[in-house]
Every structure is written in C-alpha cells, then in structure tokens.
Amino acid sequence: MKLFAKTAFAAALLGSASFAGSIAPSDVQFGESGEIQASLTGVAGDAANGRKLFMNRKKGNCLACHVNTEMSEQTFHGEVGPELDGVADRYETEALRGILVNSKMMFEGTIMPAFYKDAGYNRTLKKFIGKTILEAQEVEDVLAYLSTLKE
Amino acid sequence: MKLIKIILAMAGLVATPIVTIAGEDSQLTINEEPFVTSVAAPAHLENVDTIYSGWTFRTDETQALQMDDFDNPAFVFIDQAIDTFNAVDGSAGKACVSCHESPEVFKGLRASMPRVNGSGELETIPELVNNCRTERMGAEKWKWSGGKMAGMIGLIGLQSRGMTVDVAINGPATSMWEKGKELYYQRVGQLDMSCSNCHEDNYGNMIRADHLSQGQINGFPTYRLKNAKLNTIHGRFKGCMKNIRATPFKEGSDEFKALELYVASRSNGLMIETPSVRN
C-alpha cells in the first residue's frame, strides 16, 4: 500500500512536470486563420482520454453542442454546432487545435467557448477565475480523439 | 406532429442551420381555453420574426401538465398562497386581504410588469409585495425566491392568465430597457456566452438533453419538474448565469430588474401563462 502511494506520488510529480512544460494560455501562438502549429505540451495526445473528456459534462462537454455518431451509445447529442462526423477530413490538426483553444480566432462571434483561455472574461464565477476549461494536455487529448473522426 | 422549419442566419461555426420547432401545431388550452403560444415578434426585436412561448419547446408530457389546473403541480403552491393572502402577519395585525379584497383585484398587473413607478423607479411584483409587508403590515420581508414569495407572485400572476403581455418600454422606461438589452447581449462567464447566444441564435436546437427555448418569461413563476417548486424570473436568470460559469447578479438587483424589463418586452404579444410548467 505504502509503495503504491509512493508510486502514485511519483506519477503525480511526473504529471505535473509535463504540465510545467506546457505553453501558457497567454503564450499560445495563433496562425493567420486561427490555427495553432505547435502542440501545447509536446506530449502526444491520448485519444481514449480525449473521448472521455468529449462527453464529460464538467470537462469538454463537446457533446452538448455537437452530434457525434462515433459516440452513438450516448443518448443526447446537441445541435448547436456542426456535426463532428468526419471532422478530421475537413480540418487539419493545426486548425482543430486552434478551434479547441479559442475558436473565436477562426470564427468571429461564435457561441463556442474557448477551452484554453484563462483571462479576458466578464464576471467569471470565482472558482473559475484564472482557469481554463481544459488543461493543456486535455486539449491535446481531445485533439487526438477528434483526429480519429474520419469518414 | 407537424414540424416547422425556420432558417436562421447565424454567426460562427454554423452558417445556415435549420432550426426545427416541434409542437408548433400543438394548441395550448388551459382548462379548455385556447392560448396564443406563437405570434409575430414585437417591432423592437431585430433578429427574431416570431416569438414562441416556452411551452412550445417542451415534451408532450410536460405540455399536458399545464393544460388543466388539476394536473398542474404549481397549484399546490397557489393554494398555499391563498391561505397566506388571508392570514394576518406582522405588527399591524393585517393580512393581504385587509386592504385587497381578493387576489382578483390584481387582474392585469402581471401583464404590464415590470414598470416604472411615479418616482421613476423600475418596480417588480416581488418588490410591491415586500413593500406592502414592511410598510403596511409591519411584517418581515420575504426572500426574493423563497417559497412564500414565489407562491404569492404566482397567485397574483394567475389573475392575468390569458391576458396579452404589454410591457411599456418607452418614456421613463427607456434607459432601463436599454440597459437590460445591453445585458441580454453581453457575454459573461468562463463559457463567454450571452442570453442571445442560446435564446435568440439557437432556440429550437438541443443543447445536450435540453431543448433551447426563446427564454420567454410570460409563464413565470414557473413550476419546474427539475426542482419541483415555483421558480422566479430572477432565480432563473441566476441559474442561467451560473450555468455559463458567470457570477450572477443579485436577485432584485438593478441589473436583473433591467434584464427582466427587456426580456419581458421580448414577449409582448404572448399571453401570460402563470403558473406555467417547464422541465
């Protein structure tokens, strides 16, 4: 048990070390059309975790607004945004990363929240002040999952 | 069920989505009296042609609950409010009924509220109730969204059921109406959304399991299946703001009163449905 705890602690340290290497929200470099070339963390995304974040109501909750047939076991799919079937055929990875981080850089006036932006909001609820909706690695994980959505 | 389709021009990720409103041909009757649940939008609305009661967007089961007062769960609270109306409270030894012969004397009030009073202040029904309690009855104020208040404003609102919403937006109301409009279109919270993002640009669409309505308030206070109680307008505004991770304004604040005036004016032409049933 003790050994397990130590291992978990070490893993947590490693985890935070990889976050420490991630690009801060304010340092993200967008291209001319709102795309982002560089990975936010340099660590390959985990598509399986990305899939969980996609449906998690407290995390990505992407399903709230987007139909996604790959997830048809989930009962309710939103209709606010475009369907995401085959989204990886329509957008380059860099464009998808830009849309996840802050879609307003590509689509002015969109309703879609920016998932990796921690400032510039109005009247943010206290517990979310200075926070992003997703962590850097979580963005990369969702991106890895979206990249699997091909038709 | 016949479906009507409305093409909306929307900014953002979706160029021209097709919005489908179910239940358009469902006719709301309450105790067999017909109600208007869709009508041409008031002239001041720039981006919407037709306004729809929130009833339009609910499931058949939820819709049915509002069609007969014996089925409508809100009437438990209306009945309690009738008792409260007749009960003496406070140091002056008065009940509501001591000055107001019966709840029916308030017929018409709900359809024109909120309004600017003689002193140039925007006033709402909960404030009128609390003024009576503190000034005339010598009783304690009720909480804005407490059970007693929600029941009483439900009872008062019920007297105007079936009347057409006709909230004044000109003259002394203009500046507060403008302020409310500004709040309606202002993005707030970590999700960075305005009222209009959902209730003007996306009504008729599903947001996960929720069918987005136009956010009309002509049925408030409304019985929500979600929390099994009467919900006030400002209580609902607060819930919406928390959903988008924004710090809500206070119930009864100038901001929420202005927003109430503006949102109420968006339902000018619909009928008062108080107490409505929603999910």
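Helices (H or I, at least four residues) and strands (E, at least two) are DSSP runs, numbered from the N terminus. The legends below describe a predicted model, in which local features need pLDDT of at least 70 and side-chain atom pairs count only at pLDDT 80 or more, while totals for chains, interfaces and linings use all residues. Residues are numbered from 1 along each chain as its sequence is written, and chains are lettered from A and ligands numbered from 1 in the order in which they are written.

View 1. A:Ala64 sits in the loop between α2 (47–55) and α3 (87–90) of chain A. A residue is buried if 20 or more other C-beta atoms lie within 10 Å of its own, exposed if 12 or fewer, and partly exposed in between, with C-beta atoms placed from the backbone. A:Ala64 has 18 C-beta neighbours inside 10 Å and so counts as partly exposed. Two residues are in contact if their C-beta atoms, placed from the backbone, lie within 7 Å. Apart from neighbours within four places in sequence, A:Ala64 is in contact with A:Gly78, B:Ile207 and B:Arg208. The C-alpha atoms of A:Ala64 and A:Phe76 are separated by 7.7 Å, the two residues being 12 residues apart along the chain. A:Asn61 is also found in the loop between α2 and α3 of chain A. A:Asn61 is buried, with 20 other C-beta atoms within 10 Å, and has a positive phi of about 50 degrees although it is not a glycine. Most residues other than glycine have a negative phi, and most peptide bonds are trans.

View 2. Chain A has five helices and zero strands, and buried residues make up 38% of its 151 residues. Two packed helices are described by the angle between their axes and the distance between the axes. Axes are lines fitted to C-alpha atoms, for helices over the stretch in contact, and angles run from 0 to 180 degrees between N-to-C directions. The axes of α4 (residues 93–102) and α5 (residues 136–146) of chain A come within 10 Å and cross at roughly 135 degrees. Angles under 35 degrees count as roughly parallel, over 145 as roughly antiparallel, 65 to 115 as roughly perpendicular and the rest as oblique. α4(A) and α5(A) are therefore oblique to each other. On the α4(A) side, A:Thr93, A:Leu96, A:Arg97, A:Leu100 and A:Val101 meet A:Val139, A:Val142, A:Leu143 and A:Leu146 of α5(A). By class, this contact of α4(A) with α5(A) has seven nonpolar, one polar and one charged residues; Ala, Val, Leu, Ile, Met, Phe, Trp, Tyr, Cys and Pro count as nonpolar, Asp, Glu, Lys and Arg as charged, and the others, Gly among them, as polar.

**View 3. Helices α2 and α5 of chain B.** The axes of α2 (residues 75–86) and α5 (residues 147–158) of chain B come within 8 Å and cross at roughly 95 degrees. That makes α2(B) roughly perpendicular to α5(B). Residues of α2(B) in the contact include B:Phe77, B:Ile78 and B:Phe85, and those of α5(B) include B:Met152, B:Leu155 and B:Leu158. The contact of α2(B) with α5(B) has nine nonpolar, four polar and one charged residues.

**View 4. The two domains of chain B.** An automatic or database domain assignment divides chain B into domain 1 (4–25 + 43–70 + 163–270) and domain 2 (75–158). Their C-alpha centres lie 25 Å apart. In the contact, 23 residues of domain 1 of chain B meet 20 residues of domain 2 of chain B. The largest share of the domain 1 side, five residues, comes from α9(B). By class, the side of domain 1 of chain B that touches domain 2 has 12 nonpolar, five polar and six charged residues.

**View 5. Helix α8 of chain B.** The buried residues of α8(B) are B:Ile233, B:His234, B:Gly235, B:Phe237, B:Lys238 and B:Met241. Their cover includes β12 and α9 of chain B. Just after α8(B), B:Arg245 takes a positive phi of about 60 degrees.

**View 6. Loops of chain B.** The peptide bond from B:Met113 to B:Pro114 is cis, with omega near 0 degrees, and B:Pro114 lies in the loop between α3 (96–99) and β7 (115–116) of chain B. The bond from B:Phe220 to B:Pro221 is also cis, with omega near -5 degrees. B:Ala228, in the loop between β11 and β12 of chain B, is exposed, with 9 other C-beta atoms within 10 Å.
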